[in-house]
Each structure stands twice: as structure tokens, then as C-alpha cells.
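Please look through the model below before reading on.

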Amino acid sequence: MGLLKYALPAFLAANSVFAADDCGSAGKTITIESQGDASKYSSCKILKGDVEISKSITGDVRLDGVQEIAGSLTVDGAVNLTSLSASSLSSIGDTMHLNSLTSMTTLEFAALTKVGSIKWAVLPMLQTLAFTKGVTEASNVAITNTGLTNLDGISLKTVGDLDVTENLSLETVNVNNLKNATGLINFAGNKQSLEIELPNLAGGRNMTFRNVSSVSVPSLELLSGQLGFWGNSFKSFIAPNLTETGDLVFDNNNKLTNISMNKLETVHGGFLIVRNDKLGSVDFPKLAKVTGAIDFSGKFDEADLPALKTVAGGFNMQSTGNFSCDTFNKLEGNAIRGKYECKAKTPNPTTKDGSSGSTTSGGQPSSSSSEGASAMNVANVPAMGLAAVFGALVQYAL
């Protein structure tokens, strides 16, 4: 009995030291199958490898005490997981991958500010994020098919890709701190009334918007790639400081009455405005250069491009409205180097590729890919690649 008196504390102390030292290793995976497994790591400030939570886990899981995960955090197919939290976790070195967590209602990471990338899909019961400090650093963010009503807690300063799709309860997105995006910003298939605010975004690469009710980008000055709008319900789009962009597309935005880009000077690629039946005028006072084609078709009564000096591709302008082609006729063969066509008061305006330019006029409807392609100059498609751009567009076809 006397020996046991001393041996038992020694054993417990040794076991505690073992648990504290067993905090994973680079390239290895820590698997958590229960809350008991998670609790074993509460004395670890850093988990050195990847962390994977088993699909068989149920109820709530807490990663208490852990401040950093050097690798990735993965939860895939844990359909009975209801809550995931880590109160002290500030950094995830690699991907935060959450997939097919159909019962999860709570995601609580109060201290989290830095993630290698976010990849969330099929989280239908998750309505809000408890990210108190907010994630300010992430190379890429993809959020698909969740129950989120907003993205509060995603407080990015810079990002590569920001891909937000099929979130049918998503009402507002305000990424107030975001100043630059180096990849694709894409919103598609979310709630029809979605309002997007990117108040401090000054530069980026590619931005595409489908099925949203407002887009606010008051600070946007320069895009090196595409800016595109398909099937949105906003009445007005204003980019007061945008001077330069790649391909520029407004297609089938059925409530659009105003496009205001008073500082736009250069479009590096094609410029497409088609099937926006309530748009009464197209007016770009400083637009001087389009390196692809211009393709405007619809019901507008005014077309004013007073500074236009170079159109490297073709020029197609057709409308049911009574605008004048006189100014553009003088540019044919000089400023306009490609095939030229200009028609006012035509009952069936068509796009450059022959598809209908108005949703209520005749002509043949086009597929999503041809809608985008009609104004594109292949040589000037952004660096993400022609196939990638149009593949994304086809995926979210109206």
C-alpha cells in the first residue's frame, strides 16, 4: 500500500507530461473521434500537424486551450455534429474545411483571425458565425450552400478568391476592410435580395455577380480582369472611381436603369451591354480605348461615347430606341478597326453573334457561354484563362 501511495501520483504526473508533449507533428494527422479525444489536447498551445474530426462524432466538440493549428482543420460528413468551437484558437495554417455538416448550428471561433483558406460547403443549419475578432487573413474563401444570413466575422483585408454561391438565406455581405483581391470575387445563386458592400475595395482582378439586388464598390479604381453582371435585380450600378478594367459585361439585368462610370477610360477586352431592357441610355464620357469589341444591344434611346478613340475589335450597336449612329459612323475604319454595325429603331436588335439583344425582341436566345463570348477578345481574357472564366459562367447559367 505504501508503494502504491507514491507510485500512483508519479504515474499520473508522467501521463500528464505525455499528454502535454503529444501535440502532433508536421505532416501527421490528429484524429478526433469524441470530446474526450479533443480534451486530451487542451494543454497544447500549438497542434503541429493536421486535425481531422471524425464523421462519426456526435453533439458538440470543443477544442479548448489550443491557440494554433499548424496544418488544416477538416470536418467532412459529420452529419450529427451540432456545434464546433475553439475559444482560444487564433490561427489555422492551412485549410479550414467543413463539408456536409447537416446538423451543425454553431460555429464559434472567438479568437480566430488568420486562416490559410476557408472551404465550407453544405452547412444548411448554420445561420450565423460567432467569430468575435473576425478573420482578417485568408488566401482563398469558398462558402457554398449554407444557411448563413450574413458573413459577419469574415473581415478580410486582402484575399485571393472569394467565392460565395448557393447560400439561399444570405441577405447581406459587407466586407468593410477588404482593399484588394488578387483572384476571383464571385457571387452567384444566393438569395435574390442579397446586398453586397465592398466599400474600401480599391483594386482586384476578376469580379462576377449574379442574382443580387445591389453591389456597392465606391472605392474601386482598377481591375486587371473581368467585371461582369448577369441576371441581377439592382436598378443602378455606380463605380465613381473606376478608370480601368478588363472585359466588362452587363447582361440581362432586367431592372437596370442606370450605369454610371464617369471616370472609366480603358476596357482591356470586350465591352458587352445586352438584354437590359429598362436601360434608357449608355453614356461613358471618358471611355477612350477598348482593346476588344464593343457590343451594345437593347432598348436604349441614347448612346454617348464622346472620348472614344480606339476599338481594336468589332463594333455592334443595335437598339429599338431612337439614338443616332452619326458619331459612330465617322469612327468606322479609323478608330473602329473591326467589323462595324450600327442600327437604331430596329425591332429585333441582335448581339454581335446574332443572338437576341432584348428579352422582349425577336432573335435567337443564346447560351451563357456565347453571351459572354460575344464581346470577348480571346487575346485579352484575364489570366485565369478563357476556359475557366466561361466554365464558371456556364455553371451559374440563368
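The points below cover the nonpolar core and the disulfides of this predicted model.

1. The largest nonpolar core holds 102 residues, and Leu107, Trp120, Met261 and Phe284 touch the most other members. Strand β10 (residues 114–123) gives the most to this core, namely four residues. Because domain 1 (56–191) and domain 2 (221–358) both give residues to the core, the core lies between them. In soluble globular proteins, nonpolar side chains tend to be buried together.

2. Which residues is Phe284 in contact with, leaving aside its neighbours within four places in sequence? The list is Ile259, Met261, Leu264, Phe271, Ile273, Phe296, Asp304, Leu305 and Pro306.

3. The structure has two disulfides. One of them joins Cys23 and Cys44, with the sulfur atoms 2.0 Å apart. The torsion about its S-S bond is about -85 degrees, so this disulfide is left-handed. Cys23 sits in the loop between α1 (2–21) and β1 (29–32), and Cys44 in the loop between α2 (35–39) and β2 (46–47); the two are 21 residues apart. Both Cys23 and Cys44 are buried.

4. Cys325 is joined to Cys342 by a disulfide, S to S 2.1 Å. This link is left-handed, with -85 degrees about the S-S bond. Cys325 lies in the loop between β35 (315–319) and α3 (326–329), whereas Cys342 belongs to strand β36 (residues 340–343), 17 residues apart.

5. Are Cys325 and Cys342 buried or exposed? Buried means under 20% relative accessible area. Cys325 has 13% relative accessibility, so Cys325 counts as buried. Cys342 has 17%, so Cys342 counts as buried too.

6. With the bonded cysteines of the chain numbered in sequence order, the pairing reads 1-2, 3-4.

Technical notes:
Residues are numbered from 1 along each chain as its sequence is written. This is a predicted model: local features need pLDDT of at least 70, side-chain atom pairs count only at pLDDT 80 or more; totals for chains, interfaces and linings use all residues. Side-chain values use heavy atoms; hydrogens and water are left out. A nonpolar core is a set of buried Ala, Val, Leu, Ile, Met, Phe, Trp, Tyr and Cys residues joined through side-chain atoms within 4.5 Å. Buried means under 20% relative accessible area, exposed over 50%, partly exposed in between (1.4 Å probe, protein chains only). Domain bounds come from an automatic or database domain assignment. Contact means heavy atoms within 4.5 Å. A disulfide is a pair of cysteine sulfur atoms within 2.5 Å.
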